[in-house]
Each structure stands twice: as structure tokens, then as C-alpha cells.
Amino acid sequence: MKYIENKLSLDGVLFNDIYLKYSTPVYVYSQKAIHNNLESYMEKIDDGDLICFSVKSSNNLEILKTISSKGAGFDVVSSGELRKVIHIGADVNKIVYSGVGKTKEDLIFAVKSKIKSINIESLSELKVLVEIVKEIDIVANIALRFNPETSSETHPYLDTGSSGSKFGIPKNEINECLKIIEKQKNINLKGLAFHIGSDIKDFSYFQKALQVMLEKIKYLNIEEHIEFLDVGGGLAIKYFDNDEVLSIQEFVTKVKALVPEKLNLIFEPGKSIIGNAGYLLAKVLYKKSNILLIDAGMNDHIRVPLYNAKHQILPVKKHIFTDQSFKIAGPVCESADIFDHDFHYELDEGELLVIGSSGAYGFSMSSNYNARLRPPEVMISNEKIKLIRRRETFNDFISEEVGLE
Ligand code: LLP
């Protein structure tokens with residue numbers, strides 16, 4: 001994203017032109033940035049290692065296709081996500097399925113789809129899977145997602161690897177899981193998995209968790225049996241130019257340096273692939289003292305109120321930075337619907353702005369709260385604007401409701 005003659009542009013396309021074609025609010029993605037991020041992972045991994053894009057961060061079919069075409073696989077957490085990646089023709093041998101609350105139907109669908117790995121998150125889930133493979137006489141490839149119980153410094157809602165977390169198998173259940181697996185000829189233990197959280201800046205947290213996992217593999221004496229270690233996602237991204245984060249290449253190199261060569265690695269990045277490749281374009285509707293009211297709300301993008309996240313916001317027409325501080329607020333009837341408490345560009349009504357780093361968990365967490373229709377998504381590809389999801393209509397919105405004669 002950069003200014004060309006004082007007008008903000010992305011990969012050679014002016015945001016103003018996107019507005020003229022699709023109005024606001026609208027999500028905008030850079031295909032080039034998605035490719036670059038993926039390539040940064042790909043260039044540092046070895047044969048046998050795998051990048052599984054975390055579909056929860058963005059599940060647009062065109063985006064999934066873009067990612068799959070570069071050789072990546074997918075990390076899914078629901079039958080809906082699994083169906084989406086199968087729909088775009090993803091290689092099932094590159095799909096891993098995590099999730100703490102898979103239903104029996106989810107598990108049956110996953111086993112029948114013959115995916116690379118069902119990442120089991122509890123002893124009880126494993127027992128359900130045992131019943132399934134017996135009932136339908138089918139083989140299931142699995143990994144055990146273990147909770148390393150090493151906390152990390154991130155927003156509490158983004159921490160998944162602490163003791164007491166609902167994610168992963170707790171220490172006291174792992175031996176029992178292995179005993180069950182040993183007795184089951186239809187269940188292949190292919191790997192171990194972990195995921196400590198999201199937006200993690202400090203590598204020492206990954207290092208600690210990796211050490212716990214490697215010790216566990218030794219202690220359980222399964223080194224010779226398993227093929228891979230799935231290290232989850234979680235690498236932090238830059239929200240502002242001077243944020244300090246590890247580059248993707250540094251991150252992968254550091255992880256690989258800690259893991260024995262014979263163990264293949266699976267990475268499950270979400271944010272570090274799509275986060276900085278996406279933007280939310282919005283318009284100032286009204287100005288009320290120091291508040292700029294815009295046409296995007298927390299229903300379109302909930303990260304700021306939910307995680308106290310900070311996103312860089314820039315005017316589409318270049319402005320000078322002023323000493324005056326403005327709030328940027330959405331139209332939703334909630335006091336939490338604020339995108340920025342300290343914005344320093346004095347925009348007029350009708351002007352456009354762009355909320356950066358919005359590609360991950362932006363659209364995928366959007367809702368219809370306040371009966372607001374979901375925004376469209378466009379992708380910039382070869383300097384062209386491609387519509388990849390149209391704006392929701394009122395008829396779409398009411399189409400599932402029944403009973404009104
Ligand atoms: N693998 C597993 C098992 C996960 O649970 C997640 C994210 C990822 C991979 C991808 O993590 P990433 O590379 O995107 O950090 N809505 C929150 C993030 C929730 C992350 C949930 N799990 C946010 O907007 O910050």
C-alpha cells in the first residue's frame with residue numbers, strides 16, 4: 001500500500017477506483033502479498049514439510065484457490081471449512097483438521113475424506129473416533145494435539161497453550177491416548193501437534209513449547225513411529241511500520257534448527273499469510289466534534305473491540321498529520337464499536353480511509369449484527385480489481401428465515 005501522487009494505492013490500483021466500482025465498506029486483498037508470504041514459508045521448508053493455511057483466518061474460495069495453487073495445504077476446524085477446501089480441489093493429503101468440539105458427524109466426514117491428519121484434542125474425542133473406525137471399518141490418520149502448558153505473552157483471548165486451556169490434550173490424558181492407539185489397527189498415529197496462540201512476537205515462547213513437545217516425543221518413545229510435528233500457527237505480524245516482529249523466513253529457520261531432521265514439520269499460518277494482504281476500505285459518514293463516524297462497523301471487523309487490537313488507519317487522500325486527536329467510530333449500536341481512539345488526520349465527511357492488516361479474521365469473523373449486510377471482497381490481481389464475493393443483499397439476509405406466511 002502506498003501513495004501515488006497523494007492517492008493511496010495497492011499494487012497499482014487506486015483505492016478510490018475500488019470505491020467507485022464497489023462502494024464501501026469493502027475488503028480488498030493483494031494477491032501478490034499472499035503469494036509473497038507463502039513463498040517466504042515455502043523457500044525455507046524442506047521436502048516433506050508442509051504449509052497448511054489456517055482457513056479460519058479467511059475462507060473465501062478464490063483466496064483458498066490462490067493459496068492451493070502455490071502448493072500449500074490447509075488447516076481446518078469445522079466440516080464447513082473442510083467442505084470449502086475440498087470444493088476448490090485441495091489435495092486431501094495436505095489437509096489437517098484441528099478443533100476441540102468435532103461432532104461424530106464431523107469426524108466421520110473427515111475420516112471418509114481421507115485427509116492427512118485429524119488432530120485429536122481430547123481422550124474423549126479419541127474414543128469417539130475409535131467407535132467410528134470400528135463401525136465403518138476405515139483407517140484414520142491422526143495426530144495428537146498436545147497442550148504444552150507453556151503460556152505466551154499475547155492477548156488472553158489469543159493464548160491457547162496455557163495450563164487449563166480448553167485446547168489440546170492435557171498432560172494427564174496423553175498416556176491413556178497412546179494406550180488406546182496401540183490397540184487400534186485402524187488408527188495410525190502420524191504425528192504430534194501443538195498451537196500456542198496467535199500474534200506471538202517473542203520466539204522464546206515457540207522455543208519453550210517446541211522443547212516440551214520434543215521431550216514428550218522422547219519420553220513417550222514414539223520418535224520412530226511418527227512422521228511429523230505440527231507446530232501450529234501464531235507468528236505475529238506488523239500492524240504498524242515500526243512494530244518489531246520476526247520475518248517468516250527467520251521464524252521458519254529458527255523452528256527448523258530446533259527440530260531433528262527426520263521429523264517433518266507442518267506449519268499452520270493464518271495471519272502471517274493473509275493478515276497484511278488485506279484491507280478494509282470505508283468512508284466517513286459524519287463528523288461529530290472529534291469523532292469520525294464511518295460506514296464500517298464492528299460487525300464487519302471485530303478485532304479492535306474484541307482483542308483491543310490496534311490497526312493502522314490511513315486516509316485514501318494524503319493528509320498531513322495533525323496534533324488534534326480523533327476517534328474513528330462505526331455505526332453499530334455499541335459503545336465498543338470504535339476502530340481508533342487516537343487518529344491524527346482530519347478527514348471530511350465523504351472521505352475514504354483504509355484499515356490495514358485486516359485480511360486475517362476480518363471478513364471471516366464478520367456478522368450481521370444490527371441487521372447489517374456483509375461487505376463484498378475484492379482481490380487485486382495483475383493490477384486488476386477482481387470481485388471475489390459480492391455484497392450481501394437483503395434477500396440473502398432473510399433467506400434462511402421461515403414461518404412468515
Ligand atoms: N492452528 C490452530 C490450531 C489455530 O487454532 C490457529 C488460530 C492457527 C493455526 C492460526 O493462527 P495464526 O497464524 O492466524 O495466528 N481471531 C483471532 C485469532 C484467533 C486464532 C485462533 N487460532 C484474531 O483475530 O487475532
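In the predicted model, the shell around the ligand draws residues from both domain 1 (2-29 + 275-398) and domain 2 (99-267), so the ligand lies between them; the domain bounds come from an automatic or database domain assignment. Of the 23 residues around the ligand, those that come nearest are S54, S198, G233, G270 and Y361, where a residue is near if its C-beta atom, placed from the backbone, lies within 6 Å of the molecule. At least two residues of this shell are supplied by each of helix 10 (271-274) and helix 11 (303-307), helices being DSSP runs of H or I with at least four residues, and strands runs of E with at least two, numbered from the N terminus.

Residues are numbered from 1 along each chain as its sequence is written. Because the model is predicted, local features need pLDDT of at least 70 and side-chain atom pairs count only at pLDDT 80 or more, whereas totals for chains, interfaces and linings use all residues.

In helix 4 (residues 79-87), E81, L82 and V85 are buried, that is, 20 or more other C-beta atoms lie within 10 Å of their own, against 12 or fewer for exposed residues and values in between for partly exposed ones, with C-beta atoms placed from the backbone. Seen down the axis of helix 4, the directions from the axis to the C-beta atoms of its buried residues fall within an arc of 100°, so these residues line one face of the helix. The face turned away from the buried side carries the exposed residues G80, R83 and H87. Helix 4 is followed by G89, whose phi is positive, near 85°.
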